[in-house]
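Hi everyone, thanks for making time. Let me put the structure up on the screen, and then I'll walk you through a few things.

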Amino acid sequence: GQAQQRPKSSQNVSVSAKFREQLTGLMRTLDKTDPVFVRCIKPNQHKAPALMEGVLVEHQLRCSGVLAAVKISQSGYPSRVLFTDFTPRYAPLLPAGKGVGGTDKQKCRELLETLGVEESMFQMGRSQVFLRSGVLSHLEQLLADAVSDSAIALQRFSRSFLVPKLSTLRDAARRAEAHVLALVQRGRYREMQRRARAGSKVAAVCVAALCASRLCRCRKAAVVLQKIVRGRQTRRRIAVAQARQKALQKMFAQQQPPPVPPGAALTAGVPAP
C-alpha cells in the first residue's frame, strides 16, 4: 500500500508538464490561425510518381462529396465582393463620360447593369454583391482587356512624341544613304583617277621606250645605209679618178717628144752656126 501511495517521480512530472505546455502552445497557435482543411486524393494504386488514374480519382472525389460541393457552389453565388471594393475596381470599364451615383449598393447595381450583366447572374446583399460562377472571371477579363488597351494607347501616344515620325526617319535614312553613296562614288572616282594617271605614266614610259628603241634601230639602219652609200660614192669617185689618171697618162704619153740622144743633150744649149 505504501508503494502505491508514493508520489510520482520528478521525471514523470516534468514530461507531463512539458507535454501539457506543448499542447497549450499548439492550441494557442491554432486559435490564431484560420485553418484550411486539405483533402488528399490518391492518384494511383502503385504509388508511382507522375501517374494519374482518372477512374480512381473521380471515385474518390465523388465519394468524398467534392463534386457535389462544387456543383452546389456553381448553382449558387460562389463569388462575393464588397460594395466598397467592387465599384472602384470595375468603374474603369464604364464608357467614357458615363458615371454612377448614389450609395455603394446603387453604384454597384448600376455598374453591373451598364456592363451588361443579367440580373439573374447577381444578387445584392447588405454590404456585398453575390455573383454566379463565371461572372467575376468575365469581369476580370474585361478589366484586363481595358488595361491592355489603355496601356497600348498610352504607349502609342508617348512613342509619337519620343520616337520620330516615319517620314522623318525615311528622310534621314535617304540623306544618310545619299551621303554614304556620295562618299563611295568619290572614293571610286579618286581610285579611277589614280589608276588613269598611273596608266598614263605607264603608257608614256612604254611609248618612250618603244620610240627610243625604234630611234636606235633607225639610227643604226641610217648609219649602215650611209656606210653603203658613202662606200659606193667613194668607190665611184676612185674609179673616176683612176680613169682620169689613166686618160691623162695616156694623153701625156701621146704628147711626149721623141727621145734625145745622149750627145744631143750637150749641144742642146749651143746655138746653130
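So, nine helices and three strands, that's what the chain has. If you read along from the N terminus, the order is α-α-α-α-β-α-α-β-β-α-α-α. Keep in mind that this is a predicted model.

How much of the chain is buried? Of the 273 residues, buried ones make up 10%. As for contacts with a separation of 6 or more, 45% of them are between residues 24 or more positions apart.

Okay, now the surface. There's a nonpolar patch of about 490 Å² here, made by Phe 19, Leu 23, Leu 26, Met 27 and Leu 30. Take Leu 26: you'll find it in helix H2, residues 10-32. Leu 26 counts as partly exposed because its relative accessibility is 47%, and the band for that label runs between 20% and 50%.

Last stop, the aromatics. Searching the whole structure turns up one aromatic pair. Which residues form it? They're Phe 86 and Tyr 90, and the pair is tilted, with 4.8 Å centre to centre and 45° between the planes. Both sit in helix H5, residues 83-90, four residues apart, so about one turn of the helix. And are they buried or exposed? Phe 86 and Tyr 90 are both buried.

Conventions. Residues are numbered from 1 along each chain as its sequence is written. This is a predicted model: local features need pLDDT of at least 70, side-chain atom pairs count only at pLDDT 80 or more; totals for chains, interfaces and linings use all residues. Side-chain values use heavy atoms; hydrogens and water are left out. Helices (H or I, at least four residues) and strands (E, at least two) are DSSP runs, numbered from the N terminus. Buried means under 20% relative accessible area, exposed over 50%, partly exposed in between (1.4 Å probe, protein chains only). Contact means heavy atoms within 4.5 Å. Patches are made of residues with over 30% relative accessible area and no salt bridge: like charges are joined within 9 Å, nonpolar side chains (Val, Leu, Ile, Met, Phe, Trp, Tyr) within 5 Å. Accessible areas come from the Shrake-Rupley method with a 1.4 Å probe; for residues, only the protein chains shown count as cover. A salt bridge is a side-chain nitrogen of Lys or Arg within 4 Å of a carboxyl oxygen of Asp or Glu. Rings of Phe, Tyr and Trp (its six-membered ring) pair if their centres lie within 6.5 Å; planes under 30 degrees apart count as stacked, over 60 as edge-to-face and the rest as tilted.
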